[in-house]
Amino acid sequence: MPKTLSLLARAGPAAIAIATLLLAWQFYAYLSGISPTILPSPVRVAEQAWANRRALWDNTLPTIRATLLGFGCSLATAFVLSILLDFSQALRRALFPVFIVSQTLPLVAIAPLVVLWFGFGLMPKIMLVALVTFFPMLVALVQGYESTEKEILTLLRSMGAGRWLRFRLARLPSAAPFFFAGLRISITYAVVGAIFAEYAGAARGLGIYILNAKNNFRPDLVLAAVGVSATLTLLLFAATVLVQRLAMPWVRLERGPTP
Amino acid sequence: MTPKLELEDIRKAFGTTPVLDGISLDVHAGEFVSILGPSGAGKSTLFQMLIGGIRADSGSIRCEGQLLGPEVGRFAFMPQRDALMPWRRILDNVTLGLEVQGMGRKAAREKVLALFPEFGLAGFENHYPAQLSGGMRQRAALLRTVAQERDMLLLDEPFGALDALTRSGMQRWLEAMWRRHRWTALLITHDVREAVFLSDRIYVLSARPARVVCEFSVPLPRPRHAGATGLRDASAVEAAVLETLLKTETIGESNP
């Protein structure tokens with residue numbers, strides 16, 4: 001029971017802040033008499049979200065699929081490449097500038113092109129999600145390997161461990177905190193990336209749903225879809241935190257008091 | 001008798017900066033030898049050569065008469081900070097060397113578990129390093145070193161990062177452990193008292209570029225308790241060593 005209480009105490013301030021914002025919004029929409037086609041009140045957004053729950057859900061599923069598949073691809077690619085880059089200085093020099101350039105591409109320009117090349121299916125979404133999440137993951141991993149304590153590496157060398165063994169026993173686990181930090185950042189990019197890809201052209205998905213709602217002068221439905229995407233992002237974020245806690249039990253010990 | 005380890009006229013320069021200027025020393029089986037020198041004298045460089053991190057420009061390193069080849073694994077190295085892996089439990093940290101040697105995890109665990117009580121770590125096998133005190137972490141690091149069963153221990157200022165009280169405790173404990181096991185050990189330190197307390201012989205190095213300035217035998221009986229007579233004899237040796245050390249340091253400073 002105290003555990004639940006402390007959790008409530010920590011979540012409390014955030015909940016109050018959000019509630020205050022929503023209340024202020026509600027009052028403004030109500031008192032100013034602004035048309036709901038310009039600024040719908042939160043209550044109206046919630047009502048319409050509930051009324052259109054079926055359509056919303058049907059459009060959320062493709063977004064979730066694109067997000068997870070794209071993120072999965074990006075993660076796998078980043079992991080394999082990070083190992084190659086860690087082992088080869090030459091490869092790092094050759095490829096890192098390319099990756100940096102890939103990050104400067106404006107999504108607004110790239111998304112329609114990718115849709116043009118790969119159609120309205122799942123493929124362009126996966127590619128765009130991968131594009132926006134790949135680099136943060138790669139950088140996190142490469143930095144993580146570099147963060148390995150020099151004395152641990154010297155120790156392993158003194159034990160006779162070769163390059164690969166030193167990587168597996170020391171560099172890889174040292175990257176874990178960086179990996180999870182990167183994961184938390186890029187999982188939020190992933191949802192945005194997927195929605196943007198759908199916005200540029202899709203049969204179904206939150207992105208295209210938002211576009212259609214906007215064109216039909218239904219800002220309440222736009223905001224409902226935004227609410228769904230925010231919830232989705234928060235859930236994925238929470239999932240990464242949970243996985244990190246399970247995967248790295250020693251971190252909490254380092255922060256906590258030692259017996 | 002052929003020494004366990006024999007260094008002859010080892011020279012090393014980094015770029016144009018000479019670091020080691022003809023170091024010769026030897027360590028016999030079952031002997032505890034210290035290398036004492038000012039900070040930055042190149043003591044750690046010497047260890048790096050033994051564990052295969054860097055090569056000497058000239059000179060020879062022999063183990064039991066054989067030239068030290070590129071193969072590593074004759075020495076068990078204990079670095080300055082404990083270098084315990086925070087993500088491994090103490091038990092798995094201690095088996096690290098055996099794992100690198102290719103021993104199965106189960107066999108390695110069985111082997112080291114028997115050593116835990118003697119190192120005062122019984123009951124802490126499944127703790128993470130972060131849960132242990134500085135002294136315990138250092139004992140775990142020594143256990144990890146000893147468990148490798150190499151010919152010789154290389155200890156690089158193993159207690160340098162500990163507070164004074166813990167350090168004294170650890171020195172006494174190490175001296176007792178050494179008496180029981182008679183490891184061949186080479187210790188790097190800049191702590192005169194530590195060197196005198198633990199060693200059979202002490203090599204005093206000059207400031208960089210390092211040479212052996214003087215070699216002391218420590219004729220004090222073991223166990224080296226801090227009794228009244230023990231203390232008096234020890235401080236006589238300490239004073240002599242310190243005198244030599246300070247003299248070389250001043251020379252080093254006036255001729256940079």
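Reader: How far apart do the end C-alpha atoms of residues 126-145 of chain A lie?
Author: This is a predicted model. UniProt, in an unreviewed entry, lists residues 126-145 of chain A among its "transmembrane region" features. The span is 100% helix and 0% strand. Its end C-alpha atoms are separated by 27 Å.

Reader: How many residues apart in sequence are the parts that the pair of A:Phe87 and A:Trp164 ties together?
Author: Over all chains, the structure holds 12 aromatic pairs. In one of them, A:Phe87 and A:Trp164 are tilted, 5.9 Å centre to centre with 35° between the planes. A:Phe87 belongs to helix α3 and A:Trp164 to helix α8 of chain A, so the pair joins parts separated in sequence by 77 residues.

Reader: Is A:Trp164 buried or exposed, or in between?
Author: Buried would need under 20% relative accessible area, and exposed over 50%. A:Trp164 has 49%, so the residue is partly exposed.

Reader: Which residue lies over the face of A:Phe87?
Author: A:Phe87 is in a ring cluster with A:Tyr145, A:Trp164 and A:Phe167. At 34% relative accessibility, A:Phe87 is partly exposed. Over its face, 4.4 Å from the ring centre, lies A:Arg163.

Reader: Which helix holds both A:Phe196 and A:Tyr199?
Author: Their rings form a tilted pair, 6.5 Å centre to centre. The two residues are three apart, about one turn of the helix. Both lie in chain A, in helix α9.

How values were computed
Residues numbered from 1 in each chain as written. Chains lettered and ligands numbered in written order. Predicted model: local features only at pLDDT ≥ 70, side-chain atom pairs only at ≥ 80, totals over all residues. Heavy atoms only, no water. UniProt positions renumbered as here; feature names shortened; annotations may be inferred. Helix = DSSP H or I, 4+ residues; strand = E, 2+ residues; numbered from the N terminus. Phe/Tyr/Trp six-rings, centres within 6.5 Å; stacked < 30°, edge-to-face > 60°. Buried < 20%, exposed > 50% of the residue type's maximum accessible area, 1.4 Å probe, protein only. Lys NZ or Arg CZ within 6 Å of the ring centre and 35° of its normal.
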